[in-house]
Amino acid sequence: MSNLTMIDLMRIKEKAVQELESDQTLRLMVCGGTGCHATGSINLKIALEAEIEKRGLQDKARVIETGCNGFCAMGPILVVQPGGIFYQKVHGPDVPELIEQQVVVGKPLERLLYKDPVTKKPIVFQHDIPFFAHQNAIALRNKGMIDPENIEHYIARDGYFGTAKALLELETADIIAEVKLSGLRGRGGAGFPTGVKWDFASKSPGEIKYVLCNADEGDPGAFMDRSILEADPHAVLEGMIIASKAIGSHQGYIYARTEYPLAIRRLEIAIRQAREMGLLGKNILGSGHDFDIEIYQGAGAFVCGEETALMRSIEGKRGMPRPRPPFPAQKGLWEKPTILNNVETFANIAQIIVNGGAWYAAIGTETSKGTKVFAMSGDIYNIGLVEIPMGTTLRKLIYDIGGGIPNKKKFKAVQLGGPSGGCVPEAYLDTLIDYEEIAKVGAIMGSGGAIVMNQNTCMVDMARFFMDFIQDESCGKCTPCREGTRRLLEILKKICAGEGEPEDIDKLEALSATIKETALCGLGQTGPNPVLSTLRYFKDEYYAHIYEKRCPAKRCVALLKFEIDPEICTQCGSCFRSCPAQAIEWQKKQPARIDKTKCIQCMTCFDKCKFDAIF
């Protein structure tokens, strides 16, 4: 269908809605994101289809593979529609019983339902589970709801109606005005107003302009953009089409890292389907507007997340940032006016156009509108992807949605903003999730990574870990970043090795300030943040490492004696059973001891001991 019209789009939606929702067939929605693939959802899908065919139940149930459902800790996930009955950790051997109970008998299989961690009572419906109940999905509105490889599923949920409105009803200025009114700020980290950026590019002279999508998600612990692309690729394409009308562009590029094969495959399918329907290419929806999109695969350089480095990479040059001004909206890709937004930003655009900028602006805070997607990982029960209104507190994110800290451990800090972000301690858990408020406590919103740390995390070692990443990913173009991050890493390594000196703290602070003020791009300018935030809130740990030659969290191997205190040891034998080197000697009703000639210092005994008896 090469000349799709608005009437055609409405007919496709009506037909798709009827097929999805009007029959009596149960839809078994199997999570098909990377996380669930890793836990066995592909085999689950095969087993479900085989069991349905074996029993001749094709008229009663069918299997649909979706993208990421979001609740990654509970995969493989199966949601039964209509109704939203939520099953967790479902595997092949569970399938016969599940089909019998859910499809044949028509009742939920209780043992596979989500259990409330406090009451231990099963919760049947997805929307009643606290992890989902506190969310407000806009960018993630289709996650787990559609087959991402079927464009008609997307259209059934009002997909491409934002495109139709923008191309057929609105002028360029009207689109930009709605995006400005929404208050949407770039979700890639900097938080620059999206509508203002588009306005700059729209007013820049030139017939050739570009729309770029940054899908080069490189932060440790971040999987927001990957999950959106896997679950709802058309939402990103639609956002880019609307942006192209706003600035007068006819060509777009999605810069995606090669390490995202599933996201790239689904993007390729989505682009092909959109072209076949006439939603990409020439004269889209009969509007006279031409726009097409290509995928450019990056090799995984973290610095290519910086917009000018990304553009140089697409041009076939080494990915290195350049000084600004001129800004990309004036001279970007191949020296032409260019806008670049990340995946999450574009995923919001169609809903803003369909519902209006005022609708979006009614969500959030005075300066941070709408919602924000976070990838929660680390020492937290509910690892996964969430979307919450701006203005939600960090405490609600970590405890009400994230479920708190496992194994009765205490919360210590949450790292926001990736390796360029900062660690927020418990005292600031009531901070609102807002660009300005997060900055006040020494972190940044970033693209949405949230790594939770418990009491056993050494904050000096954590700063070392992130600085190691930053130093390794520095492109080397500017001296402050290339040499400064190396010196910071050397000092941190020295402190963790028990060789720190009192003057090292002053050196860290002075060097960090210099790098922030003089580095060329955002990677270097924000690179010292983990050092500065840990010094700000956990300086006592630095002092313990330097003055007492002691790691309070017992994570720095060089500062540990690998001995067991017989007064504290409860004689439980947990360390003995877990030691891979058989270096622990223990008998029932006797304190354990470590044979240092066998000990490989793997830290397993420290992790298994619940009584802090090893030092």
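In which order do the four strands of the open sheet stand? The order is β9-β8-β7-β10, and the pairing is parallel. Here strands are DSSP runs of E with at least two residues, helices are runs of H or I with at least four, and both are numbered from the N terminus; two strands pair if DSSP finds at least two bridges between them. This is a predicted model, in which local features need pLDDT of at least 70, side-chain atom pairs count only at pLDDT 80 or more, and totals for chains, interfaces and linings use all residues. Residues are numbered from 1 along each chain as its sequence is written, and side-chain values use heavy atoms, leaving out hydrogens and water.

Next, select β8 (residues 251–257), which runs parallel to β9 and is joined to β9 by seven bridges. Within this pair, A256 stands opposite Q297 in β9.

Move to V441, in the loop between α17 (435–440) and β15 (449–454). Is V441 buried or exposed? Its relative accessibility is 6%, so V441 counts as buried (buried means under 20% relative accessible area, exposed over 50%, partly exposed in between, with a 1.4 Å probe and protein chains only).

Finally, select S533: its C-alpha atom is separated by 8.4 Å from that of V441, although the two residues are 92 residues apart along the chain.
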